[in-house]
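Biologist: I am new to this structure and would like to go through it step by step. Could you show it to me first?

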Amino acid sequence: MAARVVLVAGFTHHDVADELWRASPESSLVRHDLSGLADGVVRRWADGRLTVLELAHGCVSCTLRLDLIPLLESLDGRVIVQLDPMLEPEAVCFALSETSVEVEAVVTVVDSATWLDDATGTDSLADRGMRAAEGDERTVAQVVVGQAEFADALVLTGPAGPVLTAVLDRLSPGAPRQLLETLDVVSLLAEIPRASRRGEIDDGFGSLLFGRPSLEPAHGVSVVHFTDRRPFHPMRLHDCIDVLLDGVVRVRGRVWVASQPEAALWLESAGGGLRVGNLGPWEGDRDQEVVVITTSADASEITAALRSALVTDEELGLIAELDFADPFADWHEEMEL
């Protein structure tokens, strides 16, 4: 019998995993401490028993591959996994997707007092003394936004103001929410919609509006959903990237640049940290789809900037003859701008 896992994520101290464990007496509780990961040391508690692991190569993927995944594959029944604050649940679910372990739910704890500042700030994990390993250049925003976005349910440490509420309504629209002070974990899990993600990994070619968030602005929070059937000029798209970072909570985009007609590129940002990836060849017709959640940037300016980065009619007619300078040619996971 394979394990059924409830992942508990969050960038703040909490006891939600313990609450879930107590509410399910037959479950197991696993938690990791990655604060020593840069030195190759990982501490893991399984039902209160501490194991200190020494890894030859201290990195998140090594921890998942060499410890967490084999551990979960060896267990059965419900397992509550409290993720280290540095971990994004999507990465864990991706690692689990090749196993028989079932993700029952992802629960994320949101610090109501600090989340918005973290989500729109520029601090790196290293700035907070939390870098998981050498070369980990993630921003705090990338982590906290990723944790909330991938959640099936949210626990808030305190009442949410109107701006935070509007952001979460658009970032994770289908996730039920409860306050930590009055948390009922049994009812919270029961409120998760049947169509919730539950660890399912998007291949990048599906709709970027997961959960059908409202596109109407509220309390200064707007959603830009930009689509088009012509390619971007690579240099002009690169030049307009700054517009997608300032005052923006999240950008997710599947883009087509004229210099790489066969490749579907992926853009993702939070807090000024940009990831650029290659999804591989297009599965169907090529098009643009970019979703931007903003708290202070002008939605019309973002739309105008993206539209101005498309190739012109004249360029489209000469596209086979043009030699484009392409800053996206050597795409990689983190792109310095």
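This is a predicted model: local features need pLDDT of at least 70, side-chain atom pairs count only at pLDDT 80 or more; totals for chains, interfaces and linings use all residues.

Biologist: How many cavities of 30 Å³ or more does the structure hold?

Modeller: Residues are numbered from 1 along each chain as its sequence is written, and side-chain values use heavy atoms, with hydrogens and water left out. On a 1 Å grid over the protein atoms alone, a cavity is a set of points where a 1.4 Å probe fits but cannot get out, whereas a pocket is an open set with protein on both sides within 12 Å along at least five of seven lines, and lining residues have an atom within 4 Å of a point. With grid points joined across faces, edges and corners, and a volume taken as the space filled by probe spheres set on the points, the number of cavities of 30 Å³ or more is 1.

Biologist: Which element gives the most to the lining of the largest cavity?

Modeller: The largest cavity, with a volume of about 40 Å³, is lined by His-32, Leu-34, Val-60, Thr-63, Leu-64, Leu-68 and Leu-87. Elements here are DSSP runs numbered from the N terminus, helices being H or I of at least four residues and strands E of at least two. With 4 residues, the element that gives the most to this lining is α2.

Biologist: What is the volume of the second largest pocket?

Modeller: Its lining is made up of 27 residues, and those nearest its centre are Leu-171, Pro-173, Arg-197, Phe-210 and Gly-211. The elements that each give two or more residues to this lining are α6 (162-171), β10 (248-255) and β13 (288-294). The volume of the second largest pocket is about 410 Å³.

Biologist: Which residues have the most contacts inside the largest nonpolar core?

Modeller: A nonpolar core is a set of buried Ala, Val, Leu, Ile, Met, Phe, Trp, Tyr and Cys residues joined through side-chain atoms within 4.5 Å, where buried means under 20% relative accessible area, exposed over 50%, and partly exposed in between (1.4 Å probe, protein chains only). The largest such core has 31 residues, and those with the most contacts inside it are Val-5, Leu-7, Leu-72 and Val-81.

Biologist: And which element gives the most to this core?

Modeller: Two or more residues of this core come from each of β1 (3-10), β3 (41-46), α2 (60-74), β5 (77-82), α3 (89-96) and β6 (102-110). The element that gives the most, with 7 residues, is α2.

Biologist: Is Val-224 buried or exposed?

Modeller: Val-224 lies in strand β9. Residues up to four places away in sequence aside, Val-224 has contacts (heavy atoms within 4.5 Å) with Val-290, Val-291, Val-292, Ala-299, Ile-302 and Thr-303. Because its relative accessibility is 4%, Val-224 counts as buried.

Biologist: Which backbone nitrogen does the side chain of Asp-228 reach?

Modeller: Asp-228 is also found in β9, which spans residues 222-228, and is buried because its relative accessible area is 18%. Beyond its neighbours within four places in sequence, Asp-228 is in contact with Asp-287, Gln-288, Arg-307 and Leu-310. At 3.1 Å, its side chain reaches the backbone nitrogen of Arg-230.

Biologist: What value is the phi of His-219 near?

Modeller: His-219 has its place in the loop between α7 and β9, and it is exposed because its relative accessible area is 56%. Most residues other than glycine have a negative phi. The phi of His-219, in contrast, is positive and near 55°.

Biologist: How far apart in space are Ile-241 and His-219?

Modeller: Ile-241 lies in the loop between α8 (234-239) and β10, and counts as buried because its relative accessibility is 2%. Ile-241 and His-219 are 22 residues apart in sequence, and from C-alpha to C-alpha their distance in space is 25 Å.

Biologist: Over which residues is the pLDDT below 50?

Modeller: The protein averages a pLDDT of 90, and 96% of the residues score at least 70. One stretch, which has 17 contacts in the model beyond near neighbours in sequence, has a pLDDT below 50, namely residues 332-337.

Definitions and conventions: pLDDT is the predictor's confidence in each residue, from 0 to 100. A polar contact is a pair of N or O atoms within 3.5 Å; within protein, one must be able to donate a hydrogen and the other to accept it, and residues adjacent in sequence count only if both atoms are side-chain atoms.
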